[in-house]
Amino acid sequence: MSRPEVTVIDYGVGNILSVRRALEHCGATVTVTADPDAILSSPRVVLPGVGAFADGMAGLCRLGLDAILREVAARGTPLLGICLGMQMLLDESDEFGVTAGLGLILGRVVPVPSTSVGGNPQKIPHIGWNALVLPQERENWDGTLLQEIKPGEAVYFVHSFMASPADPRHRIADCLYGGIRVSAFIGRDNVFGSQFHPEKSGEVGLSVLRRFLAPKF
Amino acid sequence: MRKTRLIARLDIKGPNLIKGIRLEGLRVIGSPNEHALRYYQQGADELVYMDCVASLYGRNSLGDIVQGAAKDVFIPMTVGGGIRSVEDATYLLRCGADKVAVNTAAVATPGLITEIARRFGSQCMVLSIDAKQIATDRWEAYTDGGRERTGLDVIDWVKQGVSLGAGEILLTSVDREGTRKGFDISLIRAVTQEVAVPVIASGGMGKPEDIVDAVLQGEADAVAMADILHYGRATVGDIRRAAQEAGIEVRNYEPA
């Protein structure tokens, strides 16, 4: 069987090497590019990113990749956003003023609450290993990219803002931070977003990438 | 309570994994990335790479090692030793590091802490402190792999470093490092009571149970393990079990 192909979008933000190496480790042939034609012809696309929302969107727009990513999503090509790349899938973000996102998943990006459910202050950013849990309206992860993961298994987070999807059906996994539900993984049809770093989350994280690379999921 | 992190620490000299006692008498252990892969497979939560002689020679040999590790180790990596500028930090982050640890250059130029934190976020900027006890409940910060005195009181320096933007502290007890005598609990506690950022306790782990006092009494957020792993006296799994038996919350991990 030939190696699955995947394109990682390089728009000048963050450490792409780790994402690339993780995908290669999972058996993929990886192309790192900002070229619109290469992105549009790729069978799957990963949008990585760390840093501020407005910087990320500005980086995409400067290269004309906002429209390209909407086209990727519209064509049904599997698209996975990681961390900031996940947040940019939503309609808009409140980080440093309101900035429009790609609008591929309905909802907003809001600050991770700095107060726990019990009213205690909690550290921001939310950093470290945290357990994935099922959202309130979901019974299991069958048929999702998380299907090899058991609730309670931990993955690695580093973020200060979080996605708040408008439609609860788009919440695939949450984690609890100070008792507050933080969306950890979201998805709608062929568009997926991971707040955690699958490339830094050990074998649990790699299982998500392997599912994403599979011919059918 | 956050999960306590189990961090494998790899001290590097040139291409080799090394280990000393009190940061001296460095002995070659083997290939850093063979050990890194083993600790990753045992379930380490993070790795720390420290080039312990880089500051002495003003060079940094870690980029290649970290790039190699990025091929088969998929957990967060902190890299330190000889980082003198934002450019050095940028280079190591591009090589696959998630955080950089700075000691000597931060003492010489405290503004470097702020520069790195502004550019990459505080969570990327780890302040590494080598502490030597000078009196009861008093420690002095050392640089250049534990060789040079700074005259800085560790507690004052930690507080200053955090106010400048350090997002995490790697706190190494030079007195205990490599001795297997257990962590310097009073040092750890003195630091954790003063700052809100996570503190990694390093130096002295002799047996898995040593984690218990570091976390429950010292209130360390993470422990760094070197000697105990390198010489095979325990696995990361042994240390995870010791923590769990004491009621310390750690990452739920089942080896493949």
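Student: What percentage of the contacts in chain A with a separation of 6 or more is accounted for by residues 24 or more positions apart?

Tutor: Please keep in mind that this is a predicted model. Two residues count as in contact if their C-beta atoms lie within 7 Å. Among the contacts in chain A with a separation of 6 or more, the share that joins residues 24 or more positions apart is 68%.

Student: Why is chain A described as being as compact as a globular protein of its length?

Tutor: Chain A has six helices and 13 strands. For its 217 residues the globule rule gives 17 Å, and chain A is as compact as a globular protein of that length because its radius of gyration is close to that value, at 16 Å.

Student: Where around the axis of H7(B) do its buried residues lie?

Tutor: In this helix, which spans residues 154-164 of chain B, the buried residues are Val154(B), Trp157(B), Val158(B) and Gly161(B). An α-helix has 3.6 residues a turn, so residues three or four places apart point the same way. The exposed residues Asp156(B) and Ser163(B) are on the face turned away from the buried side.

Student: How many charged residues has the side of chain B that touches chain A?

Tutor: In this interface, 20 residues of chain B are in contact with 24 residues of chain A. Sorted by class, the chain B side has eight nonpolar and three polar residues, and its charged residues number nine.

Terms used. Residues numbered from 1 in each chain as written. Chains lettered and ligands numbered in written order. Predicted model: local features only at pLDDT ≥ 70, side-chain atom pairs only at ≥ 80, totals over all residues. Helix = DSSP H or I, 4+ residues; strand = E, 2+ residues; numbered from the N terminus. Rg over C-alpha atoms; globule rule 2.2 N^0.38 Å. Buried ≥ 20, exposed ≤ 12 C-beta atoms within 10 Å, placed from the backbone. Nonpolar A, V, L, I, M, F, W, Y, C, P; charged D, E, K, R; others polar.
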